Amino acid sequence: MPTPSLAALPIRRLTLRDLAACADLSENRGWPREEHKWGFLLTAGKGYGIDDPGGGLVSACAVTEYGPHDRPELAAVGMVLVADRYARQGIGRRLMRHVVSLMGTTPLTLHATPYGRPLYEELGFKVTGRAEMLRGRFTPGGPETKVATRPATAEDLQAILRLDEEVFGADRTHIITRLPAFADQLRVAEERGRIIGYTAAWPNMDTHVVGPLIARDTETAQALIASLAAHTDRPLRTDIDVRHEDLLAWAKERGLASVAFNTVMTYGIGELPGDWSRRFAPLTVAAG
């Protein structure tokens, strides 16, 4: 039987049965396998991919929708990958065009690497911001914060959901309710019994990723990061909106070093909804 052309290979929905193949594809492109994250994305969102006739996947991506189930208000695209031997043959463009068409009028957002940005610009995505990835072992120090933090409890969930929707600009209930199982830590900051911020630390290879990070102000964000660091022996990693210059400077003073910059892009909207001044870091750049 002749091998079908790449253009003839169908794009299909991925499921948890494809978890190992997605991780293999990440590894093939020099990324960590990130099976924990892939499992989360395939469960909370939707995966799309192209099967390799020889086994595994030619390409894959994840789409996470936000807002009402039947009419999402925003969707994040991430983990757009093409196997090394199929690179630069239009596969990524075809997969992204499929996603854009499938989502119809739903606005899209993504974090683009310098390598991927030209493709997204070609498809009509616009630059709306930047995020700086930091990584390192957190070193405590500086003035002691007056912001109170503690582990989140089940009783905090409704308050967290209300705060998150207000700041993010869309309902993320299906994401936030998965955090207790996905993350190793989920913590809140409060003032006079009112939650003014929250964050999580979830395992990714040898690090703990800090995200999401929602906080009333920079001091609250600092207190939340410090509280996570105090309860892990792993290096921290996070992606902070570059407009939060004070938080970035503080984190670098405490041992987190700049790793890379990603470009935040949108399709169908001029800027992201919600309140950027209280949105410090995404859960993951793949899901917003």
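**What the labels rest on**

Colleague: Why does Ser 26 count as buried?

Modeller: Because Ser 26 has 0% relative accessibility, and buried means under 20% relative accessible area (over 50% is exposed, in between is partly exposed; 1.4 Å probe, protein chains only). Mind you, this is a predicted model, where local features need pLDDT of at least 70 and side-chain atom pairs count only at pLDDT 80 or more, while totals for chains, interfaces and linings use all residues. Residues are numbered from 1 along each chain as its sequence is written, and side-chain values use heavy atoms, with hydrogens and water left out.

Colleague: Where is Ser 26 placed, and what does Ser 26 touch?

Modeller: Ser 26 sits in helix 1, residues 19–28 (helices are DSSP runs of H or I with at least four residues, strands are E runs of at least two, numbered from the N terminus). Leaving aside residues up to four places away in sequence, Ser 26 touches Trp 31, Pro 32, Arg 33, Trp 38, Met 79 and Leu 81 (contact is heavy atoms within 4.5 Å).

Colleague: How do you know that the span of helix 3 agrees with what its residues should give?

Modeller: The expected span is 1.5 Å times one less than the number of residues. For the 13 residues of helix 3 that should be 18 Å, and the end C-alpha atoms are 19 Å apart, so the two agree.

Colleague: Which residues of helix 3 are buried?

Modeller: Ile 91, Gly 92, Leu 95, Met 96, Val 99, Val 100 and Met 103. They cover an arc of only 165 degrees around the axis, so they lie on the same side of helix 3 (the arc is that of the directions from the helix axis to the C-beta atoms). Just after helix 3, Gly 104 takes a positive phi of about 60 degrees.

Colleague: What makes something a pocket?

Modeller: On a 1 Å grid over the protein atoms alone, a pocket is an open set of points with protein on both sides within 12 Å along at least five of seven lines, and lining residues have an atom within 4 Å of a point. The largest pocket holds about 1,100 Å³ of space, a volume being the space filled by probe spheres set on the points, which are joined across faces, edges and corners. Its lining has 42 residues, and the closest to its centre are Trp 31, Val 80, Leu 81, Thr 113 and Tyr 115.

Colleague: Which element gives the largest share of that lining?

Modeller: Strand 4, with six residues.

Notes: 1 Å grid on protein atoms, 1.4 Å probe; cavity = no way out; pocket = protein on both sides within 12 Å on 5 of 7 lines; lining within 4 Å.
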